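The tour starts with the whole chain and then goes residue by residue.

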Amino acid sequence: MNAHAKSLDAAAERRDEAETLELRRLVLDKLLYVVGKDKNAASDRDWFLATAFAARDRIVQKWMETTRANYAEDRRRVYYMSLEFLIGRLLVDSLTNLGVVEPMRAALAGLGVDLNRLRNIEPDAALGNGGLGRLAACFMESMSTLAIAAHGYGIRYDHGLFRQAIKDGWQHEYPEDWLSFGNPWEFERPEVNYTIGFGGVVEAAPRPGREPAQVWKPSESVEAIAYDTPIVGWRGEHVNTLRLWSARAPDPLRLDVFNQGDYVGALAEQVRAESISKVLYPSDSTPAGQELRLRQEYFFASASLQDLIRRHLKQHGSIESLADHVAIQLNDTHPAIGVAELMRLMVDVHGVEWAKAWEITQATFGYTNHTLLPEALETWPVQLMERLLPRHMQIIYMINALHLDSLRAAGHDDARLLSSVSLIDEHNGRAVRMGNLAFLGSHKVNGVSALHTDLIKETVFRDLHALYPERIVNKTNGITFRRWLFEANPALTRTIVETIGPRALDDADALAELAEHASNLDLQSRYMAQRLSNKEALAKIIADRMMVKVDPHALFDVQIKRIHEYKRQLLNILETIALYNDIRAQPTRDFVPRVKIFSGKAAASYHLAKLIIKLINDVARVVNDDPTVRGLLKVVFLPNYNVSLAESIIPAADLSEQISTAGMEASGTGNMKLALNGALTIGTLDGANVEIREHVGPENIFIFGMTAQEVQERRAQGISGEAAIAASPILSDVLGAVGSGVFSPDDRHRYAQLVDVLRHHDHFMVTADFDAYYKAQRAVDTRWRDRKSWWRSAIVNTAKMGWFSSDRTIADYAEDIWKAPTKRG
């Protein structure tokens, strides 16, 4: 090393030391003056809070700079409206993006505190369910990284989605308590509050020379209070705001009722109001549950629109220039009521003429569709809408009437077509089609994978697409590599940087260079070593939580996602039973040792999904306790799946299960996270699996089963599984065992319904795809035995994931839909 290089290294060391000392001082200051604890008496939670506040101070400096720059440079603003933001833990995420993980680790070590221990103390923010919410979180981070002037808008759920516990194999739901010790990342903004109305009547008010004004007089009101969380981008250069709304009653206590001795009744209005932001996705199986869902969606849509209009008027004066300066993205159908609300605010509150207001609305909104499932394309009973949001129902009727009139005037008088594109479904008890409202109210509608976009053109929006063929575009989902590679898998990140250089940290496309080294035996050995270390860490989690010992050298076969029939955890566990039968029947065969790892939550009212969880746990009990298996197969269901658990599972996965019924998964992002970390995918040609295969090559992925087209054709012939079962001796034996109570000796008929569904109503094609799946799993076994081939494919999977960065996705949205400048130009 020459003298110049030594001088540079010495200077870098001095900078690092100075940074460490400054961070240590900052943490101690926060511990004393904010947490109110002496270092000698501080608990780990106190140290976590002090560290979080220290990191937050660094973020806030850039946050203020970003805010001032957004105003000074008059940047086009993007508002991302989502009912979910599954942001996970923020401590290491923030330190990573600020570039101070190691200096903070050293600063804490000097105080006798372990950063990893603090990381595990932080609760996961319970603000989402699964892929939809995690996508929103990735997008917020990427918008900050690309320096887009963006706000995220959602609800600050007190309890969010439920905490899942498994008792005797059954899922039980409990309130999540993520806010019980406070949230150090957020800033309450009590001065930022808006009144949200419900119910009441609409009255006509005469106006000289004009049509009467429609005046909504709500019978009930709720206050929306803002809580802001700064979201820092990579390298800490730009910070955006995630603004979440909490519901409050205008009067927290009916004092007159309280003084009459009715202490519970005195709080009734407060409880009713605050229920809006209590729980994510309350069950809508009852009329009260339906009403609460609609209240939630309108509450956050109205508060968000009032807020962004206030900001726009402050900066630009006239609401009629809104579309020139603002883009609003609806993340799925939940915020679709925002279309009617923006029309109400412009027409009723700001006096914009209807035609101009509709032009502004369409130019401002974009709509992302995430599903082909009918239940996710929400509909609300007209009676409920008329009672809860009477003015919005009027507006929806008017939008619908004007739209249908325009179609008739253009020569579209086919009754079936007009019925299909109407905002009102007249066939099932009159309901408002929120998907159609979002479509009509947006200038662009996007799917989230190439296949999904094609399918929404052909299915749910077929007729609307025929009328507006330029409106639907594709924007394939992506993931933030900062969380899902740099933070979740630092050992693999180091290996990548040492192999292809540090450019990979800033440019996801640079990962492609790794493919040139895929056959390098030294790199393969390093891949194996980091994977083994991650598997050992996961094995410890499994042992601690489940009291099951697993072999880290076995193939870790992972399916982690929401439990749903179309995601086909049932197919996976049936093949697991088939493998269990093979191991017992053929003790001399050379089986590949496997650990089957499941995790995910079922909706509280989804009986069949909860029954599948019970089956997985019953199979796990039998398999794991059977000495004849000789450790060749273990089955584990890890409860309470969340972002933090995913960060432990994904780096340890060898095989990624992406086996949904073809044509039913919009995109998936778990498939991207697992492939980025070098797991090989076994999957159907569904969602983003199609594009992953195109990027990694068919030789580096295990594709099986029917295509989306073949599924449609099969369903057209009927959905009985009898023929497929009769043609598959393996499947027949498996279903015989399940149906006869082999895995449920305490209740021999427990799974009779599950087996009956497969025999007679196999809508999700489990029986039709079973043999192809079983065969693909044997191909996995063969590849696993060829270690050089396996690890070459693992490296190629990582190398080819650059295109699936959420930075690329957001850059595409910014260019094609939002017309917003980014750091990339």
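Helices here are DSSP runs of H or I with at least four residues, strands are runs of E with at least two, and both are numbered from the N terminus. The model is predicted.

**Stop 1: the whole chain**

Select everything. The protein has 33 helices and 22 strands. Its radius of gyration is 28 Å, close to the 28 Å that the globule rule gives for 825 residues, so the protein is as compact as a globular protein of that length. Along the principal axes, the C-alpha atoms fill a box of roughly 90 × 75 × 60 Å.

Of the 825 residues, 59% are buried. For contacts between residues at least 6 apart in sequence, 77% join residues at least 24 apart.

**Stop 2: an aromatic cluster**

Now show the rings. The count of aromatic pairs comes to 19. Select Tyr153 and Trp245. They form a stacked pair, with 6.1 Å centre to centre and 15° between the planes. Tyr153 sits in strand 2 (residues 149–155) and Trp245 in strand 9 (residues 239–248), so color by strand to see the link; the two are 92 residues apart. Both Tyr153 and Trp245 are buried.

How are the rings of Tyr194 and Trp245 arranged, stacked or edge-to-face? They are edge-to-face, at 5.7 Å centre to centre with 75° between the planes. This pair also links distant parts of the chain: Tyr194 is in strand 5 (residues 187–198), 51 residues from Trp245 in strand 9.

Why does Trp245 count as buried? Its relative accessibility is 0%, and the cut-off for buried is under 20%. Tyr194 is buried too, with a relative accessible area of 12%. Ring pairs link Tyr79, Tyr153, Tyr194 and Trp245 into a cluster.

**Stop 3: charges over rings**

Select Arg156 and Tyr227. Arg156 lies over the face of Tyr227, at 3.9 Å from the ring centre. Next, select Lys535 and Phe556. Here the charged end of Lys535 sits over the ring of Phe556, 4.8 Å from the centre of that ring.

**Stop 4**

Go to residues 379–381, which are strand 12. This strand belongs to an open sheet of 3 strands in the order 12-14-13, with antiparallel pairing. Strand 12 and strand 13 (424–425) are the edge strands, and each pairs on one side only. Strand 14 (residues 431–433) pairs with strand 12 in the antiparallel sense over 3 bridges. Which residue of strand 14 stands opposite Trp380? Select Val432: that is the one.

**Stop 5**

Turn to the backbone. Most residues other than glycine have a negative phi.

Select Asp332. Its phi is positive, about 75°, although the residue is not a glycine. Asp332 is found in the loop between strand 10 (326–331) and helix 11 (337–349). At 6% relative accessibility, Asp332 counts as buried.

Where is Met765 found? It is in the loop between helix 30 (752–760) and helix 31 (766–785). Met765 counts as buried, at 3% relative accessibility.

Technical notes
Residues are numbered from 1 along each chain as its sequence is written. This is a predicted model: local features need pLDDT of at least 70, side-chain atom pairs count only at pLDDT 80 or more; totals for chains, interfaces and linings use all residues. Side-chain values use heavy atoms; hydrogens and water are left out. Two strands pair if DSSP finds at least two bridges between them. Buried means under 20% relative accessible area, exposed over 50%, partly exposed in between (1.4 Å probe, protein chains only). Rings of Phe, Tyr and Trp (its six-membered ring) pair if their centres lie within 6.5 Å; planes under 30 degrees apart count as stacked, over 60 as edge-to-face and the rest as tilted. A charge sits over a ring if NZ of Lys or CZ of Arg is within 6 Å of the ring centre and within 35 degrees of the ring normal. The radius of gyration is taken over C-alpha atoms; the globule rule is 2.2 Å times the number of residues to the power 0.38. Contact means heavy atoms within 4.5 Å.
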